[in-house]
Each structure stands twice: as structure tokens, then as C-alpha cells.
Amino acid sequence: MLTYQSIDSLWWQFAFILIAGWIATDIWRVFGVLLGNRIDENAEILVLVRAIATALVAAVIAQLVIAPGGSLAAETTVWLRIAAIAVGFAVYLFVARQVFAGVLAAVCMLAAGMAAGF
């Protein structure tokens, strides 16, 4: 039986993680596609799932902005991070709701603030 330690080679560790990660996530993706075709897009359960998913993403972003770890916490202020998020969101709204443009603007704002010493 193949296990994580069965082959003593560096490439095997990466291959094992990729295969195990692929199998673990793709099973749920296939299940979602098969089940999703039978559920109405406006069903109450899907509205709830969308709301929970959106709330989780918002919570992760808020945590990264308010209490980041590593060098982002050490080299930037909370006000610079909030300003970068605000600029990114404003650009997203005004540039035909392009996510890439919003992210790029936020990163540029953060980089400019860091270079200026904020």
C-alpha cells in the first residue's frame, strides 16, 4: 500500500499531497455538480449557502486587514490596509466591476504606502 513514507524521494511527497488533495476536493465537486443540476438556483437552501459563503469570505478578508500575521502586520499600519481596501473597492465599482482592477489598485496602494513609510 502506498503511504506518505513508502517512497523515500522528494518528488513523492509532493505527488502524494497533490493526489490526496485532488481526490479529497474533486469528490465534492462532482457531487456538487450532480446535485446542483437538480436544485433550483433560487431555492432557499442555495440562498443560505451563498450567504454563508459570502460571510466567510468577508470574515477572512476582515481578519487579514485588521489582524494580519507576519511582515504585513509589522510593516504596515491598520489605516494603510483599510485605505488600500477602500481604494481597491472604489476602483472595482468604477471600472465595470473588474475584480482584477480592484485587486491591482489595492496592491498598488499598499505598495505605495509601504514605500512612503506609512
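The largest pocket has 17 lining residues, and those nearest its centre are Ile61, Ala84, Ile85, Val103 and Ala106. This is a predicted model: local features need pLDDT of at least 70, side-chain atom pairs count only at pLDDT 80 or more, and totals for chains, interfaces and linings use all residues. Residues are numbered from 1 along each chain as its sequence is written, and side-chain values use heavy atoms, with hydrogens and water left out.

Now the terms. A pocket is an open set of points on a 1 Å grid over the protein atoms alone, with protein on both sides within 12 Å along at least five of seven lines; lining residues have an atom within 4 Å of a point.

The largest pocket holds about 460 Å³ of space. That volume is the space filled by probe spheres set on the points, which are joined across faces, edges and corners; the probe is 1.4 Å.

Who builds the lining? Helix 2 (44–66), helix 4 (78–94) and helix 5 (99–116) each give at least two residues. Helices here are DSSP runs, H or I, of at least four residues, numbered from the N terminus. By class, the lining has 13 nonpolar, three polar and one charged residues. Asp, Glu, Lys and Arg count as charged; Gly is among the polar ones.

Next, helix 2 against helix 4. Their axes, lines fitted to C-alpha atoms over the stretch in contact, lie 8 Å apart. The packing angle is about 140 degrees, on a scale from 0 to 180 degrees between N-to-C directions. The two helices are therefore oblique to each other; oblique is what remains after under 35 (roughly parallel), over 145 (roughly antiparallel) and 65 to 115 degrees (roughly perpendicular).

Which residues meet there? From helix 2, Ile61, Leu64, Val65 and Ile66; from helix 4, Val78, Arg81, Ile82 and Ile85. Contact means heavy atoms within 4.5 Å. By class, that contact has seven nonpolar, no polar and one charged residues.

A word on leucine 64, in helix 2. Leaving out residues up to four places away in sequence, leucine 64 touches Leu72 and Arg81.

That's my tour. Over to you.
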